[in-house]
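Please have a look at the sequence and structure first.

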Amino acid sequence: MIHIPKIFRPDDSSEDGNQSPITLPLLPLRDIVVFPHMVSPLFVGRSKSINAISEAMNSEEKYILLSTQSDAGKEIPKENEINKIGTIAKVLQMLRLPDGTVKTVVEGKYRARIVDFKPNESFFEVNLEIIEEPEINQSEKEAFSRNINMLLKDYAELNKNFSKDTLKNLSIITDPVKMVYTVAGHFSFKTAANQSLLETAAISERLTHLIELIKQEIIILETDKLIKSRIKEQMEKSQKNYYLNEQMRAIKKEMGSDDSEADELKDLEQRINQKKMSKEANTKTKHELKKLKMMTPMSAEATVVRNYIDWLISLPWRKKSKVAKDIEKAQKILDEDHYGLKKPKERILEYLAVQTLVKKLRGPILCLVGPPGVGKTSLAKSVARATGRKFVRLSLGGVRDEAEIRGHRRTYIGAMPGKIIQSLKKVHVNNPVFCLDEIDKMSMDFRGDPSAALLEVLDPEQNYGFNDHYLDVEYDLSDIMFITTANTLPDIPLPLQDRMEIIRLSGYTEVEKYHIAEKFLVPKQIKQNGLKKNKVIFSKNSIYAIIRGYTREAGVRNLEREIASICRKIAKDLLKNKKHINSKVTSISSKTVEKYLGPGRTNFGLVEKENQVGIVTGLAWTQFGGELLSVETVTMPGKGNFTVSGKLGDVMKESAKAAISYVRSRSEQFNIDQLFHEKTDIHIHVPEGAIPKDGPSAGIAMCTAIISALTKLPIDRDVAMTGEITLRGRVLPIGGLKEKILAAHRGGIKKVLIPKDNERDISDIPASVVKQLTIIAVEHMDEVIKHSIIESDDKPLYNHSYNFDKGKLDDSDIVAADA
């Protein structure tokens, strides 16, 4: 049984005036300090602590010493790990719980100091002495009381959980000792701070320490209020659903902790540091990253900035594929993929040769111009394979917005870089072969002219610093090998033409089409249709029959379709007769072509069957290649009316008028009635009236037809001609000579009359075709008539009494006319 000494009563003391030691059980506390005048519930779980509580409850006075451990983590503290200053408390209640722990309620009474520990295995038992509280004068007491009450009011204004009743109860306490312990019990001070209050001897120092602790709590509440006000301002601009996350973020920032997105931003910063890019782009990226770190993660602007940074670091700024410089290997690859195309191949090999000798060569800008199906895009792919570069293609057909090339500015919602930058991101290198397909099919509207934006892209002197509106930094395009394709050159703006090297891919000859079909198309379609190469044989005549009777094109696309159609029909026949599926050999001849494809659908131009009056074979250029063009002229008694028909354009109508004027000026020379323009109606017609026709190359054909019709002399059916005429009979140069000569060769023409100035273009025509034709260069209409109109002895063309020098231009006249 615990004996409570008489020291608890004021009249008890020892003979020498000192307090007698008091022996009490000790309850070590972990994270709490119990003050005098404070009632506190405690949960006890350690066996020694439960025994100490039980011992106190079994005593008459029910007193126990409460002292805090210096290390709360210790399960069984040592004697030196328990603070010497504690509180004598009275156990008011004890309740044993089902889990074996004990809940107790204690009331602090006096401060006490441990003198020593008594041996006891069941619980801690100590000898202690009560610490007497010193006195304080009235003025100090009043001053401290006022200060504490003012601080409590300030605290209550900041902390809504601090009720008015609590404030009122604390303000009426007059005893300074009771004030310290009661006020401290209403605050959540740290354990060390509470223990310091308990151990401080002088009451004035104890009150001063309490004031400092309350001030610290007020500062913490003010800081918390400031943080909340900042968060409120931010949340007014963004969604309130993220309020709690933002509060935690702001608290962590105030405490100096890492941001919740720190790992992601750190990874982004690492990628930026590792990325090799231009100095301008690197500076811009780091600046945007700094902005991103200061932004709210869920804000719309943060998403825009993050996407922008992702674009910058995902581009292949300095990443390049190794360029092959073996010219022989490149030529072999080009020959494997394409038959003919001598000029384009030569230009590509020249580029590779120069690149082998020069370390830095700005990429050439090649423009392949030709009809559909001649292999422009596939040639660009072959260039990529021959040079070891990656291939990327961008179709410009129908593009009408400048932003498709330059990109959108980041101020617009959904802004993205232009197609050039997007394509480079996909291909992952900065030196691919870049094919800009259908460059002549672009258009323009109120959003800008995309062809104007391409001026910078396709200019070797400018594209080293291409500025995309979205990136807003210069990007080097000079290592890219740009190849553009177009069907017609006039549809490309002149400034854009000036920045490119034009390489024309004219239509294939029948011989070239035959070789392409034999080497490429037939084996390809046999394989794609599941047939065996040695079981299907196309004869030479069958391929020519398909070319002439079922296709009308400059390229070979329709030719491949017709070959594919025959292969499909052969595959169907084989499956119907499965017995012979592995043994039957199918031979395709010109006759079986009609069986599989039906009657011929096209009728290419052929030479006339006989010499006729007023019918001339002209030559025309179309986007599908050259064509034979018949020009028919008839004369009738009338009043001099002149008619042209056949849906002719303005240029051809003017050529017809010039031809009539020339014939009238030379009517005496040609034995023509000089008043024919008053007595005779003339009608010029170009067959296939539903097809529009125009161009400056039918003048000499119309003039020859008119002279033949008026003189009734026939025209040689084996002659075809092309050229424009002047009023004095001079023959002017024309374009598309190769296609026209090829058409003449295909149609069975033997002699072709061309302008003298076009002799230089004969070198572009295949030698095999030139050998089979007689090509005559003419300067004047007299030479045309000489080679085309057939005279007879009884009906001469010329009036031999006519002065043939009359009306011709001499050199001085030509100079004057040109001036």
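Let me begin with helix α2 (residues 138-158) and helix α3 (residues 164-171), whose axes come within 10 Å and cross at roughly 175°. These axes are lines fitted to C-alpha atoms, for helices over the stretch in contact, and the angles run from 0 to 180 degrees between N-to-C directions. α2 and α3 are therefore roughly antiparallel to each other, the term being used for angles over 145 degrees. On the α2 side the contact is made by N149, L152, K153 and A156, and on the α3 side by L167, L170 and S171, where contact means heavy atoms within 4.5 Å. Those residues divide into four nonpolar, two polar and one charged.

Before the second pair, a word on the source: this is a predicted model, in which local features need pLDDT of at least 70 and side-chain atom pairs count only at pLDDT 80 or more, while totals for chains, interfaces and linings use all residues. Residues are numbered from 1 along each chain as its sequence is written, and side-chain values use heavy atoms, with hydrogens and water left out.

The second pair is helix α11 (residues 327-337) with helix α13 (residues 376-387), and their axes come within 9 Å and cross at roughly 150°. α11 and α13 are therefore roughly antiparallel to each other. The contact is made by A330, I333, L334, E336 and D337 of α11, together with L379, S382, V383, R385 and A386 of α13. By class, the residues of this contact divide into six nonpolar, one polar and three charged.

Where does H469 lie? H469 is found in the loop between β10 (466-467) and β11 (474-475). Leaving aside residues up to four places away in sequence, H469 touches E402, R406, G407, H408 and R409. H469 and A403 are 66 residues apart in sequence, and their C-alpha atoms are 8.0 Å apart in space.

Turning to the whole protein chain, there are 28 helices and 26 strands, both taken as DSSP runs, helices being H or I of at least four residues and strands E of at least two, numbered from the N terminus. Among contacts between residues at least 6 apart in sequence, 73% join residues at least 24 apart. Finally, of the 819 residues in the protein chain, 47% are buried, that is, under 20% relative accessible area with a 1.4 Å probe, protein chains only.

Technical notes. Angles under 35 degrees count as roughly parallel, over 145 as roughly antiparallel, 65 to 115 as roughly perpendicular and the rest as oblique. Ala, Val, Leu, Ile, Met, Phe, Trp, Tyr, Cys and Pro count as nonpolar, Asp, Glu, Lys and Arg as charged, and the others, Gly among them, as polar. Buried means under 20% relative accessible area, exposed over 50%, partly exposed in between (1.4 Å probe, protein chains only).
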